[in-house]
Amino acid sequence: MENELQELIDISELLKIEKKEDFEQHRKLMDSLSPEQRRAKGLAWYPLNVVQQGYTIGERAFVVVERTQGKGQEHQFRSGKTVRFYTQQAGVHNPERNGVIYYVDKDKMRIILNTRDLPDWMGMGQLSVDILFDERTYIEMEKAMHKVISATKGRIQELRSVLLGIKPAHFTPLDMPINIPALNPSQNLAVNQILAAQDVAVIHGPPGTGKTTTLVQAIKLLAEREKTVLVTAPSNTAVDLLSEKLAELDLRVVRIGNISRIDESILRHTLEYQISQHPDSKNVKKVKIQAADYRRQANRLRSKRGYEAYEERKRLEQEASELSAWANSLEQRLVDMILDEAQVITCTLVGAAHPVLDQRKFRTAIVDEAAQALEPATWIPITKASKLVLTGDPFQLPPTVKSQEAAKKGFNITMIEKCLKRLQQVNLLNIQYRMNEGIMGFSNRQFYNNELMAAPEVKDHRLDIAADAPVIFIDTAGCGFDEKVHHAYQSKYNPEEFQVLREHLYQIAEAFLEKIPPSIAIISPYREQALHMEDELKDDPMVRKLDLTINTIDGFQGQEKDLVFISLVRSNPKGEIGFLSDYRRMNVAMTRARKQLIIVGDSATIGNNKFYRDFLEYCEVVGEYRSAWEYMKS
């Protein structure tokens, strides 16, 4: 048994290493910055006002804050992040509260506080919010790993054996195989495998193959057979997308936890919203407010002496306790009623540990985008289910690992990667509906064993211009366009390389003066290059009429455009390519374009690497290989 569990024990140790490194990086960053620098880097909001306050599920207060300076500036606050809400006013008792961001909407943020009462100091001004180290996520991952390792019997132990490759996954063939007309054969096969699986099903969905479409159809059929399906993903953005798609199929969806954006199509599915629509919710709210008022009155009496003050304080505390108990009991009944009626419950992996789900078990747990999830986080929903469905593509962006030591020892290897190697039955979705065949070809060869096929409707779609080659490489070798490093952020950028890209962009704009231009994205692996390009083009009249998006590769994942430019940036005598050597990130970049992919880079720098050497050869055979000199003005 111990040998069987050694892999999981090792992962638990690597989780400790990752947690320590993540904490140290956060501490060093915050300690090195003044309050003004934190605000400039998007790690703090101040000054700010409280524009709304109240109480949410459980004994939790919330505030909605709005920043009054630096409006519109980029920041690093995201739903699910842990924050500190505090006042800088001198002499205030207990001047801070911790909480979790429920949503961020432009310059507003809703924070669920880790207290049942609102702070008394909110009206005193000088309010701020800082990002804290996210310990909660690690605590939930540690709990899940402990539960999985310590299981000696039961369903967790059985699933563990299958996922470790000790026992085979079992499937019970369907009496009547499912054939959904809107799905292709590989998608229908995947749906049937999900329904037939008794333990684990794995769906490998490369770019553009309709993974989400397939998954929501499978979930709909599961929901007809099971009481409630648990659907999870690593990010709030992915969970919200699934929630919307499932609701479009008329399924009763309840979204648990924090949300990625304020949108009616998402809000109406949240547990909070559905509770608020019940007639009894107004009474719950009134009672919570009354209980909080009694507690405030009782706290004020603490400084007063005498028997009468003591008795009054005890009376108020007793009243508050009884009111809170009544409100919580009624609210819990509402929560149970809503969750009992749900066909699908959606949340993040960590959100599966939400208190409202504590006593709930599910026949099936879905983990979408499983290739972006650390294994310990993936185990959280598994501990609540009898059957697991993993979907994703391990050849796209991996999960973020802060510790180099942990990464070297395999902490960045995901559960779905292991399952692709261990399980005998894995379904590959093999028809893609996004890219011209020429754009698809290189990734197909490098990552997917040439098993992908382009759907007939996209196989040869191109831009409506003379220079319509699906793949073009523009070589800056010999031009002297050396990469530069931003002194403050240590991120690399290459202004001269961008000038070449811009000249080609001008040619595109000119070619479409008399017709509808294509949608265009300009992306780069380096944030500083993306910021530089955005700054250079924001007031450029030549591109004003273009449908143009500029972003990092990571920021553009999940999106697609007709035409995609990639600025590689790296150009140096040593041939150093940095994290261009993360080929999964480049696979994401190279598979965003529908009709044309244009990559600008220095072949002398990247050509020593086999992956990029193969790509250069691919361009010479399948696409076009051009020199940057063609775009340089005399």
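A residue is called buried here when its relative accessible area is under 20%, exposed when that area is over 50%, and partly exposed in between. The model described below is predicted. Its protein chain is divided into domain 1 (33-133), domain 2 (137-252 + 344-429), domain 3 (276-340) and domain 4 (455-630). Between the C-alpha centres of domain 1 and domain 4 the distance is 39 Å.

**Helix α5**

- In helix α5, the buried residues are Ser186, Gln187, Asn188, Ala190, Val191, Asn192, Gln193, Ile194, Leu195 and Ala196.
- The helix is thus mostly covered, with ten of its twelve residues buried.
- The cover over these buried residues includes the strands β7 (200-204), β12 (385-392), β13 and β14 (431-432), together with helix α6 (211-225).
- Helix α5 comprises residues 185-196, and at 1.5 Å a residue its twelve residues should span 16 Å; the C-alpha atoms at its ends are 16 Å apart, which agrees.

**The seven-stranded sheet**

- Seven strands make up an open sheet with parallel pairing, in the order β9-β10-β8-β11-β12-β7-β13.
- Ala233 has Thr348 of β10 standing opposite.

**Nonpolar cores**

- The largest nonpolar core contains 58 residues, and those with the most contacts inside it are Leu271, Leu339, Trp379 and Leu390.
- At least three residues of this core come from each of domain 2 (137-252 + 344-429) and domain 3 (276-340).
- Another core lies apart from the largest one and has 37 residues, including Ile566, Met590, Ile606 and Leu616.
- Leaving aside residues up to four places away in sequence, Trp379 touches Leu8, Ala144, Met145, Val148, Arg160, Leu163 and Met415.

**Aromatic residues**

- The structure holds 18 aromatic pairs.
- Phe133, at 14% relative accessibility, counts as buried.
- One aromatic cluster is formed by Phe395, Phe442, Phe447, Tyr448, Phe473, Tyr583, Phe611, Tyr612, Phe615, Tyr618 and Tyr625.

- Glu7 is located in helix α1.
- Its relative accessible area of 23% makes Glu7 partly exposed.
- Glu7 touches Leu164, Lys418 and Arg422, when residues up to four places away in sequence are not counted.
- Glu7 and Asp393 are 386 residues apart along the chain, and their C-alpha atoms are separated by 23 Å.

Methods. Residues are numbered from 1 along each chain as its sequence is written. This is a predicted model: local features need pLDDT of at least 70, side-chain atom pairs count only at pLDDT 80 or more; totals for chains, interfaces and linings use all residues. Side-chain values use heavy atoms; hydrogens and water are left out. A nonpolar core is a set of buried Ala, Val, Leu, Ile, Met, Phe, Trp, Tyr and Cys residues joined through side-chain atoms within 4.5 Å. Buried means under 20% relative accessible area, exposed over 50%, partly exposed in between (1.4 Å probe, protein chains only). Domain bounds come from an automatic or database domain assignment. Contact means heavy atoms within 4.5 Å. Two strands pair if DSSP finds at least two bridges between them. Helices (H or I, at least four residues) and strands (E, at least two) are DSSP runs, numbered from the N terminus. The expected span of a helix is 1.5 Å times one less than its number of residues. Rings of Phe, Tyr and Trp (its six-membered ring) pair if their centres lie within 6.5 Å; planes under 30 degrees apart count as stacked, over 60 as edge-to-face and the rest as tilted.
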